[in-house]
Amino acid sequence: MCAATVAGVDSSTQSCKVVVCDADTGEILHQANAPHPDGTEVSPEAWWDALCAAGAGLLEHVDAIAVAGQQHGLVALDAAGRPVRDALLWNDVRSAAAADELIRELGGPQAWADAVGSVPLAAFTVTKLRWLADHEPELADRTARIMLPHDYLTWRLRGGGPAVEPTTDRGDASGTGYWSPADCEYRKDLLALGFRGRTPELPRVLDPSEAAGRTPGGALVAAGTGDNAGAALGLGLGDGDVVVSLGTSGTVFARSAVPSADASGAVAGFADATGAFLPLVCTLNAARVLAYAADLLSVDLSALESLAAQAPPGADGLVLLPYLSGERTPNLPHATGSLHGLRPETMRPSHIARAAFEGMLCNMAEALDHLRARGTGVRRILLIGGAARSSLVAEIAAQIFGVPVTVPQPIEYVALGAARQAAWALSGAAEPPSWPARTIAEIPAPDVSSIGNHIRAEYQRVQGDLYGGSSPLPPAPVPRRRRRRGHERRT
C-alpha cells in the first residue's frame, strides 16, 4: 500500500510555492514554484494561474492539500463569483488614512484591541474595505462576497463558483479586523463600520483540522491558514520559541495560550493554526533592505555579505534607518529610508553594507521588544526567511537580540506548515502529526552584550532624532482569559 502524500501551498506576495510531503514523516518529496506579478494590487486569477503552474504534475496525485497565503489582502467578488477589481494586498498603504478614521470612529485603539485583539493598520482588510467604499463606491456596491487570498485559492481548489461555500480559518480571519480571536466569532458590526453599512457574505471559519471539502479530483482540501500561522505550524513552535522571519517584509511572532489585546497597535493579536494564539509584530522592511543595498553598491548578495564582514560591528557609527517602503512597526507609513553618520572613514562600501545588515536587524529587535513587553518569554530565536541564509545575519542577530539563535534548514516553512495541516485533516487525529525539526546552525548568545547594546543604542538615538523616538514600553499586563469556543490544541 502506498504511503499517503499531502501538498502544502504558500501563496505569498512574490510567488506560489508547492511542497509535496509524506503524510507520516514530513519528508519533502517534490517542490515547485511559480512567480506572482509585482505590485500592491493583483488579479486573484494570477494567483490561481501560478498555483496551477507550480502544482502541475504534483497536485493531481496527492491525498490532501492545504493553502497558506499572504494575510489581509482584500478579494472582493460579485454575486457570480467574479472579482470586482484587483485584490488590494497587505502592503498597499493607500488605506492608512482609513485606518486612522476607523480607530477614531470606534472610540480609540483600546476599543479595537478589546474587540478583535488588534488595532487596525493600513494592512488590515477592514481598512481596505473603507478605502473601497469611499473611493470606488460603485465597486463596493457590487461586492457580494469578501475573501482573503488563501480563502480564494481554497475555494477555487474546490471548484469555485456561487454554489461553493467559501471557507477560512481562525488564523487568517484574525487578520481582517472584523473577527475576534478571543470570542471566535465575526464582528459584523465592525464589517459594516468599515464598509459603510455594507455586509457582504463572509467565509465560514473552520477549526484547524477541519476539511473545507474536496477537489474535483477527490483530494481532501484542508482549512488552510495565513502565512505566519503556516510557518509556525511548519516549525512546530514550542514554549519560549520566537520566530523572526526575514522575507521581503519582516515578522516576529510566538505561540501563546492566551489571546493578546495590545492597544498600542504594535502587537497584532492573531490566532494560530492549532487552536491557540499567535501574537505578532510585522515590519514592512526586512530582506528587501539587503537587496536594495546590494543594488546600490552594484554587487550581489554574497558580495554584500563579504563587504559587511569587513567593517567593524557598529560600522563606526554609520546607521541605516531601513524604512524603504514606509513602515508598519513603528507606524510610519510615509517614512523613507535614511543613512546617518557619513564621514570620510564611513563613506565606504563595507560600512554601508554593514549598516544595512544592522539596520534591518535593529528594526526587527524593536519588534521583538514589543512582544517581550506583552509578556512573551524568549528562550531562543528561530531565524527564517530568505535573509536567514546569510551566516552574517545570524551572527549579528545573536549580538543584537542577545539570545541564542537557531537557523532551521532553509526550506519553505509556510508551505511545509500547510502540508502538515493537510496531513492533520487527512488523519482525523486530535493533534497534528509529529514531524522532525530541521536545524542547520545554532549560534549561542554572546558572552558580552555590550556590542549589541551599543549598536542598538546608536540606532535608537538616530531614530529619536529624526522621528521623536518612542517612549519606553510599559510592563506587560497579565492577559485576561476571555470566553472562547472550541478546543485548544498544541503542536
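On a 1 Å grid over the protein atoms alone, a cavity is a set of points where a 1.4 Å probe fits but cannot get out. This is a predicted model, where local features need pLDDT of at least 70 and side-chain atom pairs count only at pLDDT 80 or more, while totals for chains, interfaces and linings use all residues. Numbering starts from 1 along each chain as its sequence is written, and side-chain values use heavy atoms, leaving out hydrogens and water.

**View 1. The largest cavity.** Searching the whole structure turns up four cavities of 30 Å³ or more; a volume here is the space filled by probe spheres set on the grid points, which are joined across faces, edges and corners. The largest has about 80 Å³. Its lining (residues with an atom within 4 Å of a point) counts 13 residues, with Gly314, Leu318, Val319, Glu358 and Ile455 nearest the centre. Strand 20, helix 12 and helix 15 (450–467) each put in at least two lining residues; helices (H or I, at least four residues) and strands (E, at least two) are DSSP runs, numbered from the N terminus.

**View 2. The second largest cavity.** This one comes in at about 50 Å³. Among the residues lining it are Ile146, Met147, Asp151, Tyr178 and Pro203.

**View 3. Val6 in the largest nonpolar core.** Such a core is a set of buried Ala, Val, Leu, Ile, Met, Phe, Trp, Tyr and Cys residues joined through side-chain atoms within 4.5 Å, where buried means under 20% relative accessible area, exposed over 50% and partly exposed in between (1.4 Å probe, protein chains only). Of its 97 residues, Val6 and Leu51 touch the most other members. Helix 14 (residues 413–427) is the top contributor, with nine residues. Leaving aside residues up to four places away in sequence, Val6 has contacts (heavy atoms within 4.5 Å) that include Val19, Val62, Ala419, Leu426 and Trp435.

View 4. Ala315, in the loop between helix 11 and strand 20, has a positive phi of about 50° without being a glycine. Ala315 is buried, at 0% relative accessible area. Pro330 is in the loop between strand 20 (319–321) and strand 21 (338–340), and the peptide bond from Thr329 to Pro330 is cis, with omega near 0°.

Conventions
1 Å grid on protein atoms, 1.4 Å probe; cavity = no way out; pocket = protein on both sides within 12 Å on 5 of 7 lines; lining within 4 Å.
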